[in-house]
Every structure is written in C-alpha cells, then in structure tokens.
Amino acid sequence: MPELPEVESFKRYFDKTSLRQKIKRVRLAAPGMLFHSTEKEVLDNLEGNMFTETRRHGKFFFALLKRNGALMLHFGMTGDLVYHKPDKNSPIRFALLIEFANGKNLAFQDTRKLGMIGWVNDVDAFIQRQGYGEDALKISEKEFVASLQKRKTAIKTTIMNQRVVAGVGNEYSDEILFRSSIHPESPANALSDAKLKEIYSHMKSVLKVAVKRRADQKKMSEFFFLENRQAGLKCPEGCKGFTEFKTIGGRSAYFCPGCQKLYT
Ligand SMILES: [Zn+2]
C-alpha cells in the first residue's frame, strides 16, 4: 500500500523518466478515479504541455506543468507508474496513459482503482482546501506535539489522520508505535509531551530510512511490522511475548502487548 516512502519513490521515478518532454496525447481509462476534475480539464491541460517539476505532499503526488497548474495523482492501494515503449502485441493496462512526443509512454496503473487522478490549478490551494496537515517529513516537533496532544482518538488513528499529519498510513503507523513502545489504542491526549516527541522522532527515522530503502529497492528487514504483518509471532525485542492483531479505528493493527504500553 503506497504510503509516504512509496510515493516519494514514485516521485523520483517520474523525475528520472517524464520531465521536460512534450506530451502528445493523454488517455483516461478510469474516469471514476477523477477527483474534483473533469476528463476535459485533465486532457486539455496536459496535451501539448510539458511536466517541469514534481512535488509530494503526504501521499499526494503533483507533476507541475509548464503552463497551467499540475497533474495530481493519488496511488490509493495499488497505484503504480510504468514508463515504457508501447508494444501493440502486449498493450499495458492503465488508468491514465501519457504519450510523449519521444515515443515513450507513462502509464498510471491502479488495479483496485482506489487512487485518484485530477488536474489542479494551484497545488498549495488544493492542499489547503482538502485540509491536509503538514507533510510528515516536514512537520516540526512543536507543530506535531501541538496537533496531537488534544486529540482523544487512539494514537494509531491520530497519526494516520491526514488532517493531523500527512503521509503516515496503516503499515508505517504500526512500525512507528512499536518502536515508540506505545500501544496503538492509547488515546493521543493520554500521552505526555515527552512520549509524543518520541513518536515524532521514530516517525521521522522510520520514514527517512524507508525512503532510502524504497529508492534502492532494498529489503526493509530492519522493520519488523512492515515485513511481518502477522499475529502470534515471537516479539523481536525479546520480551518473550507474541504479536497481536486488533482492529482499531476500522484499520488492522499489529503490535506487541508486552512491549507496547497502553496509556489511559
Ligand atoms: Zn515485545
């Protein structure tokens, strides 16, 4: 499931393949994925135009156009980018296909179609309108603590709330809380400022290392819950306990009850 590190690696892939090339034609095969945009807006603004740079905010990706705004992509659960040379004998599946004048295509694929496609006039105004919090890699410790300390929801639900901090999803939230030794059901407002600062620091380090690993396509074996989402496993911290599963705020949570303290 693409969270901040995966979207960052899509951004780097896009930067390496798709900037500063004339866009010849755009085809949209999944109009149901349009988000606050019409098909005409996407096609008219992209065709004949060119991508100049990219931005990422949380799990949103933006490819800025030389003229008029940007293409917005959200990778949902199964989104992917494939830059390729078209082959009539084995056509590639796509939700959105961008055909460049150099003969190469960029396909945005999404088998489950839970992602989003749109054209935005102004990226900052879009982020503000959607009410998203600061990006998880950019948010300051002060801002993080201030936006968490008054919330009564479970800490896992709170750090996954994109309006609080943008970019942390289900899987990374388990890893961050495991490293912080905090039970995912602890209400955010039951945690001291010192504990919130610990979460902040683990959030930064987990995401930073994951960005590096994803970019290099390396295994993430140092991340226990990102690699092993299972209940009944021996805790790697040596507490002699076993991992458990629970649905928290409608999402699957894995944790070690031996290491992760429940604050109330
Ligand atoms: Zn443990």
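Student: What separates the centres of domain 1 and domain 2 here?
Tutor: In this predicted model, the centres of domain 1 and domain 2, taken over C-alpha atoms, are separated by 30 Å. The contact between them draws ten residues from domain 1 and twelve residues from domain 2.

Student: And where in the chain do I find domain 1 and domain 2?
Tutor: Domain 1 covers residues 4-130, and domain 2 covers residues 141-255.

Student: How much area do domain 1 and domain 2 bury between them?
Tutor: Between them the two domains bury about 890 Å², and 64% of that area is on carbon and sulfur atoms. On the side of domain 1, Leu-4, Pro-5 and Lys-59 supply 48% of the area buried against domain 2, which is more than any other three residues supply.

Student: Which helix gives the most to the side of domain 1 that touches domain 2?
Tutor: That is helix α1, residues 4-17, which gives six residues to the side of domain 1 that touches domain 2. By type, the residues on that side of domain 1 divide into two nonpolar, four polar and four charged.

Student: Changing topic, is Ser-173 buried or exposed?
Tutor: Ser-173 counts as buried, because its relative accessibility is 0%, under the 20% cut-off for a buried residue. Ser-173 has its place in helix α6, residues 170-179, and, leaving aside neighbours within four places in sequence, it is in contact with Lys-156, Ile-159, Met-160 and Val-168.

Student: How many residues of α6 are buried?
Tutor: Helix α6 is mostly covered, with eight of its ten residues buried; among them are Asn-170, Tyr-172, Asp-174 and Phe-178.

Student: What follows α6?
Tutor: Helix α6 is followed by Ser-181, which sits in the loop between α6 and α7 (193-216). Ser-181 has a positive phi of about 60° although it is not a glycine, and it counts as partly exposed because its relative accessibility is 31%.

Student: Which residues does Lys-261 touch?
Tutor: Not counting residues up to four places away in sequence, Lys-261 touches Ser-181, Ile-182, His-183 and Ser-186. Lys-261 lies in the segment after β10 (251-255), and it is partly exposed, with a relative accessible area of 49%.

Student: How far apart are the C-alpha atoms of Lys-261 and Phe-178?
Tutor: The C-alpha atoms of Lys-261 and Phe-178 are separated by 9.8 Å, while the two residues are 83 residues apart along the chain.

Student: Where is Lys-240, and what is its phi?
Tutor: Lys-240 lies in the loop between α8 (224-227) and β9 (244-248), and its phi is near 70°, a positive value in a residue other than glycine. Lys-240 is exposed, with a relative accessible area of 77%.

Student: Last one: is Glu-99 buried or exposed, and what is it in contact with?
Tutor: Glu-99 is buried, with a relative accessible area of 11%, and it is found in strand β6, residues 96-100. Leaving aside neighbours within four places in sequence, Glu-99 is in contact with Lys-22, Ile-23, Lys-24, Arg-25, Arg-27, Lys-104 and Asn-105.

Key
Residues are numbered from 1 along each chain as its sequence is written. This is a predicted model: local features need pLDDT of at least 70, side-chain atom pairs count only at pLDDT 80 or more; totals for chains, interfaces and linings use all residues. Side-chain values use heavy atoms; hydrogens and water are left out. Domain bounds come from an automatic or database domain assignment. Contact means heavy atoms within 4.5 Å. Buried area is the accessible area (1.4 Å probe) that two parts lose on being put together, summed over both. Helices (H or I, at least four residues) and strands (E, at least two) are DSSP runs, numbered from the N terminus. Ala, Val, Leu, Ile, Met, Phe, Trp, Tyr, Cys and Pro count as nonpolar, Asp, Glu, Lys and Arg as charged, and the others, Gly among them, as polar. Buried means under 20% relative accessible area, exposed over 50%, partly exposed in between (1.4 Å probe, protein chains only).
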